[in-house]
Amino acid sequence: MSPRKKILLVDDSYTMLVLERVALGQETYEYDMARDGQEAVEKVTRQLPDLILMDVIMPRMNGFEALRALRARIESQRVPIIMVTTCGEENNVKTGMDAGATDYVTKPIDPKTLQSKVRSYLGE
Amino acid sequence: MIVMSTTMTQSTARAAAFDRTISETRARLEAELATLRSALEAARAPTADITANPGQIEDRLGDIAKLYAAASALETASTREETIQIAREIVCNLVGSEQLAFFSLDAGGTELALVSALGIDTALYERMRANSGPIGRALELGLLCLASPSRLMLETATDGRFVVTDGSGEGSDPVTACVPLRAGGNIVGALAIFRMLPQKPELLPSDIPLLELLSTSAGCALASSRA
């Protein structure tokens, strides 16, 4: 059996972390979690995930800052990063995409949309 | 000749009787067949519905996932503050509003005190009368009150789980929903949800179980802090 793909969930909301795991399937992937952008960058440095779900508004280092830091590193340049944003407004989306985001989902999250995008970027 | 005629008459009578039997049997079998066809259609109907609308299954699973996530998160809270914080996250991330307020009802049931808020001018809501506006209505009726519910909400949720109310209240922000917070059968406060996020302008029927979950969880948290 092939090993499970690794997904890093980055959000300061515990509720969101639970929802993302439940929506994607608790046993479908191997999950790691970070509560802010700084922790996310540190975790990616230690172990490269197959995909990252990144909240935008977080303490210490926000999602856009973490995204730029990750894209500045050769090892993490190709990891799919899906931004999770409250604001679906054009500016916010553009900021994310310009910083190197692969895609985005808006809150409140639709589990079906999230599953579809994750599977797509993991090549499933 | 007469014998032959009698024999022929008897044969004819037997044939006629046989024909009647065949006809009656055919009619009975056709009736049974019609009944079986109806039963088969009825048995197939749910399957046909599922295969024609697999998206409905996925939508329901998504709703269940949200409810499970909310319940799991609330279960981890051990203090009032943690419960209210998680309840705020649920309203923001699962229901879809970043303008909300939690109120505690005083012992006399006449005044509401603001406990926690997000996205509103708290000075306008520090203390409010408990008998005014949509919050007052929710407290009075003990029911979820919705202002301007969508047609989908009105058509789907027909089991008396909410009432429709006017959204204008004491504050400046229009109210989308008011949830009475309960503990042990008593109403101990209220959750007011103001403007929804632009990408989700209306509450959906699937939000009602989330709000009902918050009604008891946040209510118990408020009540425990009084004890």
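Modeller: The crossing of α2(A) and α3(A) is right-handed, a crossing being right-handed if the near helix is turned clockwise from the far one by less than a right angle, and left-handed if anticlockwise. The contact (heavy atoms within 4.5 Å) is made by Gly37(A), Val41(A) and Val44(A) on the α2(A) side and by Ala66(A), Ala69(A) and Leu70(A) on the α3(A) side. By class, 5 of these residues are nonpolar, 1 is polar and none is charged; here Ala, Val, Leu, Ile, Met, Phe, Trp, Tyr, Cys and Pro count as nonpolar, Asp, Glu, Lys and Arg as charged, and the others, Gly among them, as polar.

This is a predicted model, in which local features need pLDDT of at least 70 and side-chain atom pairs count only at pLDDT 80 or more, while totals for chains, interfaces and linings use all residues. Residues are numbered from 1 along each chain as its sequence is written, chains are lettered from A and ligands numbered from 1 in the order in which they are written, and side-chain values use heavy atoms, with hydrogens and water left out.

Two packed helices are described by the angle between their axes and the distance between the axes. Helix α2 (residues 37-46) and helix α3 (residues 63-71) of chain A pack at about 20 degrees, and their axes are 8 Å apart. Axes are lines fitted to C-alpha atoms, for helices over the stretch in contact, and angles run from 0 to 180 degrees between N-to-C directions. Helices (H or I, at least four residues) and strands (E, at least two) are DSSP runs, numbered from the N terminus. The two helices α2(A) and α3(A) are therefore roughly parallel, a term for angles under 35 degrees; over 145 counts as roughly antiparallel, 65 to 115 as roughly perpendicular and the rest as oblique.

Lys43(A) and Glu39(A) are separated by about one helical turn, because they are 4 residues apart in the helix.

As for the sheet of chain A, 5 strands form an open, parallel arrangement in the order β2-β1-β3-β4-β5, where two strands pair if DSSP finds at least two bridges between them. The edge strands, β2 (30-34) and β5 (103-106), each pair on one side only. Strand β1 (residues 6-10) of chain A is joined to β2(A) by 5 bridges, and Leu9(A) has Met33(A) as its bridge partner in β2(A).
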